[in-house]
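Me: Could you walk me through this structure, one piece at a time? I'm still new to reading these.

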Amino acid sequence: MRIGVVTFPGSLDDRDAARAVRECGGEAVALWHGDADLKGVDAVILPGGFSYGDYLRCGAIARFAPVMDALVPAAQGGLPVLGICNGFQVLTESHLLPGALIRNDHRKFNCVDQRLVVENASTAWTADFEAGQEITIVLKNGEGGYVADERTLDELEGEGRVVFRYVPDAQGRNPNGSYRHIAGITNERGNVVGLMPHPEHAVEAGYGPSLDGRGFFTSIIRQTLESAATA
């Protein structure tokens with residue numbers, strides 16, 4: 001199982017994502033932003049960070065990187081893609097996922113252990129979870145507020161494409177002002193998932209708040225191996 005991890009100028013968590021892949025039994029393959037070559041990988045992770053310094057808008061320049069010329073049609077054809085934090089922003093800028101990520105409503109940077117509820121356990125990246133399960137992984141962002149128009153939000157809800165939701169605090173607030181407490185979404189096919197929190201920081205005992213992040217990587221590895229076995 002070969003999972004590509006893209007490095008853009010300003011990526012911070014590409015090595016963490018690659019380590020998470022290896023920790024969960026996969027082979028991490030480095031993909032360079034300037035190469036329109038996915039190297040025959042079985043899935044791709046767009047990691048967190050500040051691609052191209054977050055100039056213009058977060059993810060707005062990365063969307064035009066040569067590697068995205070190969071990734072966008074591959075994702076549209078069914079290649080599993082996970083966008084984490086800045087990677088989620090890149091996915092919305094690439095129109096692989098709807099909506100946008102804007103500045104946190106409190107105008108401060110988040111760095112917290114965040115509780116999430118798994119809303120959709122049928123995507124390529126969440127099959128090892130159960131719907132309704134609560135997990136805790138790291139959240140760190142300054143522009144993590146998920147927004148979309150009401151029609152798009154209703155479609156996401158109605159089609160079961162909200163994958164993760166923030167557990168609100170005692171005042172009913174989520175950590176960044178995301179509409180409807182949305183922390184992560186998927187496309188219609190379920191192969192492309194984007195979320196703001198960082199599962200790659202919750203895969204090793206003693207490093208991070210839990211081991212809950214492992215489910216993302218074991219899900220894609222197991223599903224891909226099972227598909228290959230039955231092909």
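Me: Which strands does helix H2 lie across?
Reply: One thing to keep in mind is that this is a predicted model. Helix H2, made of residues 66-76, lies across strand S1 (2-7), S2, strand S3 (43-46), strand S4 (81-84) and strand S11 (192-195), and it runs at about 125° to S3.

Me: And which residues of H2 are buried?
Reply: They are Val67, Met68, Ala70, Leu71, Val72 and Ala75. The cover over these buried residues includes S1, S2, S3 and S4, together with helix H3 (86-93) and S11. As background, residues three or four places apart in an α-helix point the same way, because the helix has 3.6 residues a turn.

Me: What happens just after H2?
Reply: Glycine 78 comes there, and it takes a positive phi of about 120°.

Me: OK, switching to the sheet. What's the strand order?
Reply: The sheet is open and has nine strands, in the order S2-S1-S3-S4-S11-S10-S9-S6-S7, with mixed pairing. Strand S2 (27-32) and strand S7 (134-141) stand at the edges, and each has a single partner strand, so one side of each is left without a neighbour in the sheet. From one strand to the next, the twist averages 25°.

Me: How do S3 and S4 run, parallel or antiparallel?
Reply: S3 and S4 run parallel and are joined by three bridges, and within this pair isoleucine 45 has leucine 82 in S4 as its bridge partner. To get from S3 to S4 the chain passes through H2, and this β-α-β crossover is right-handed.

Me: What about S4 and S11, how many bridges there?
Reply: Four bridges join S4 to S11, and these two strands also run parallel. Here leucine 82 stands opposite valine 193 in S11.

Me: Which residues of S4 are buried, then?
Reply: Both faces of S4 are covered, with Val81 and Gly83 buried on one side and Leu82 and Ile84 buried on the other. In general, the side chains of a regular strand alternate between the two faces of the sheet.

Me: Where does the antiparallel sense come in?
Reply: One place is between strand S9 (residues 162-166) and strand S10 (residues 182-186), which pair in the antiparallel sense over three bridges. In that pair, arginine 165 has isoleucine 182 in S10 as its bridge partner.

Me: New topic: which residues does UniProt list for "active site"?
Reply: The UniProt entry, which is unreviewed, lists Cys85, His198 and Glu200 under that heading. They are spread over 116 residues of sequence, yet they cluster in space, with a largest C-alpha distance of 11.1 Å. The lining of the largest pocket includes Cys85 and His198 from this group.

Me: Where is cysteine 85 placed, and what does it touch?
Reply: Cysteine 85 is in the loop between S4 and H3. Leaving aside residues up to four places away in sequence, cysteine 85 touches Gly48, Lys140, Asn141, Leu195, Met196 and His198.

Me: Why does cysteine 85 count as buried?
Reply: Its relative accessible area is 7%, and buried means under 20%, so cysteine 85 falls in that class.

Me: And glutamate 200, buried or exposed?
Reply: Glutamate 200 counts as buried, at 4% relative accessibility, and its place is in the loop between S11 and helix H5 (214-230). Again not counting residues up to four places away in sequence, glutamate 200 touches Asp13, Asp16, Ala17, Ala20, Ile84 and Phe217.

Technical notes:
Residues numbered from 1 in each chain as written. Predicted model: local features only at pLDDT ≥ 70, side-chain atom pairs only at ≥ 80, totals over all residues. Heavy atoms only, no water. Pairing = 2+ DSSP bridges. Axes fitted to C-alpha atoms, helices over the stretch in contact; angles between N-to-C directions. Contact = heavy atoms within 4.5 Å. Buried < 20%, exposed > 50% of the residue type's maximum accessible area, 1.4 Å probe, protein only. Right-handed = clockwise from strand over helix to strand, strands pointing away. UniProt positions renumbered as here; feature names shortened; annotations may be inferred. 1 Å grid on protein atoms, 1.4 Å probe; cavity = no way out; pocket = protein on both sides within 12 Å on 5 of 7 lines; lining within 4 Å.
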